[in-house]
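Visitor: I have not looked at this structure before. Please show me how to read its features, one at a time.

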There are 2 protein chains.
Amino acid sequence: MIKAIIAYDGSNYAGWQKQTNALGIQEVFERALQKIHGEFCEVVASGRTDAKVHARGQVIHFQERPDIHPTQYKRALNGLLPLDIRVQSCVLVDHDFHARFSATGKRYDYICTLNKDDPFSFRYKTVLMQPVDLEKMKKGALLLKGTHDFTSYSSCKIDPRKPRTKTIHSIEIQEKDGDIRFSFVGTGFLRYQVRMMVGTLLALGQSKIEVEDVQKILDRKDKHACRFNAPPQGLYLMEVYYG
Amino acid sequence: MIKAIIAYDGSNYAGWQKQTNALGIQEVFERALQKIHGEFCEVVASGRTDAKVHARGQVIHFQERPDIHPTQYKRALNGLLPLDIRVQSCVLVDHDFHARFSATGKRYDYICTLNKDDPFSFRYKTVLMQPVDLEKMKKGALLLKGTHDFTSYSSCKIDPRKPRTKTIHSIEIQEKDGDIRFSFVGTGFLRYQVRMMVGTLLALGQSKIEVEDVQKILDRKDKHACRFNAPPQGLYLMEVYYG
């Protein structure tokens, strides 16, 4: 099996997943791989990313061809892929490696900026119209850290077969040169979870809600409990952990 | 007269100038201003920028309306303009100020990168497929510094009324984290001049030509003499100088 780390600018895509009426990154990748293999080969990612969401360290796997050396894949794929999807590395791994099922954790970053006058931000950062209280946001983040049922901070359909309890190992919030970067490391995240947590922490930082509301929302375990959802362009899948 | 400094991401535009069958930044700006003024008002820039070229410090002027305070323009314009065009500042200046004719100099930067695997570069940096010899490029740059007839490093139509002699005060070339930044300060630049100078210096840095070829091309004073033209997405109009 080939395990590849890929990075992409999600601006022009409808997310990772193949879709019938919009272009997903998966489809673009599978087309490039098909040119190399001469036949279709499914590509499986560690998880979906939504439309306009970026990745610096998405992990995928696909079945290698015996006549192609693993080290040839990176150059061949980058020669065929558009410039906003780049393979960072390709390695041969055990046949039972699975990009999604073998993953033990993920890191997502979310970038906001207080610089309203930068025309280069809009695809890559969420522009904040009001200043935020960093210390308040850090207090709110402490409540989200740990193992919780994150139903409230998600908006997926409730699927009783899928666990809604996840563990967040760490949440860091740092400000540098007017940019605010949130960094979440955890066992896994529900759909929209990072964006809804960021949206809630920003609402807290802008005094639209209080610290205890972060806990109240969490406790409700209701997918309608949270009305904050930060926009997709600030979100980056940074790393997927295995083993 | 209002003098405004504006920045833009040129990726989605056919350049500054209004065009019949493509969208120029000027047109977008004049539409926004028309909404504020209630009538059309021409906007004049320090000079054109070509399709996909960016600006961090383009200067424009337009006739103010007596009922609008100069400080109100920035907020009003940024509220109406798309996010890839941002007003940095607006000040009231003398009525004889002219963004183009009053300009005494300009600074252009050009950014290349050796990082082929970054999916976020392609709109903002020119990706180099081979390493470059910085010291060689600096030697070549010394030949371009000073006052010269730059006909060879331009591809405009020859207009005998327009002087083709320009003075370049400084050319800096710096490498940082795999990015190479060229910085040109001069009295003014002919069309494509910066991109053709960068293209030539990169060819020199990649040993496609020799240092003396930079001089030979310059000496020919022939618009067909230079066959190198760096792509537009690496170019930034950084600053326009007055007085």
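**A buried lysine, and what follows**

Guide: B:Lys106 is buried but has no salt bridge, and the nearest side chain of opposite charge, B:Asp50, is 11 Å away. Buried means under 20% relative accessible area, exposed over 50%, and partly exposed in between, with a 1.4 Å probe and protein chains only. A salt bridge is a side-chain nitrogen of Lys or Arg within 4 Å of a carboxyl oxygen of Asp or Glu. For charge, Lys and Arg count as positive and Asp and Glu as negative, while His and the chain ends are not counted. This is a predicted model, in which local features need pLDDT of at least 70 and side-chain atom pairs count only at pLDDT 80 or more, while totals for chains, interfaces and linings use all residues. Residues are numbered from 1 along each chain as its sequence is written, chains are lettered from A and ligands numbered from 1 in the order in which they are written, and side-chain values use heavy atoms, with hydrogens and water left out.

Visitor: In which strand does B:Lys106 lie?

Guide: Helices (H or I, at least four residues) and strands (E, at least two) are DSSP runs, numbered from the N terminus. B:Lys106 belongs to strand β5 of chain B, residues 103-113.

Visitor: Which backbone oxygen lies 3.3 Å from a polar atom of the side chain of B:Lys106?

Guide: That of B:Ser46. A polar contact is a pair of N or O atoms within 3.5 Å; within protein, one must be able to donate a hydrogen and the other to accept it, and residues adjacent in sequence count only if both atoms are side-chain atoms. Contact in the wider sense means heavy atoms within 4.5 Å. Leaving aside neighbours within four places in sequence, the residues in contact with B:Lys106 include B:Gly47, B:Phe184, B:Phe189, B:Leu237 and B:Glu239.

Visitor: How many aromatic pairs does a search of the whole structure find?

Guide: A pair of aromatic rings is described by the distance of the centres and the angle of the planes. Rings of Phe, Tyr and Trp (its six-membered ring) pair if their centres lie within 6.5 Å; planes under 30 degrees apart count as stacked, over 60 as edge-to-face and the rest as tilted. The search finds 16 such pairs over all chains. One of them is B:Phe62 with B:Tyr73, edge-to-face, at 5.2 Å centre to centre and 70° between the planes. B:Phe62 lies in strand β3 (residues 54-62) and B:Tyr73 in helix α2 (residues 70-80) of chain B, so this pair ties together parts 11 residues apart in sequence. B:Phe62 counts as buried because its relative accessibility is 0%, and B:Tyr73, at 1%, counts as buried too.

Visitor: What kind of aromatic pair do B:Tyr108 and B:Phe189 form?

Guide: Theirs is edge-to-face, with 5.5 Å centre to centre and 85° between the planes. B:Tyr108 is in strand β5 and B:Phe189 in the loop between β9 (179-186) and α4 (193-205) of chain B, so the pair ties together parts 81 residues apart in sequence. B:Tyr108 is buried at 9% relative accessibility, as is B:Phe189 at 16%.

Visitor: Which residues form one aromatic cluster?

Guide: The cluster is made of A:Phe120, A:Tyr124, A:Tyr236, B:Phe120, B:Tyr124 and B:Tyr236.
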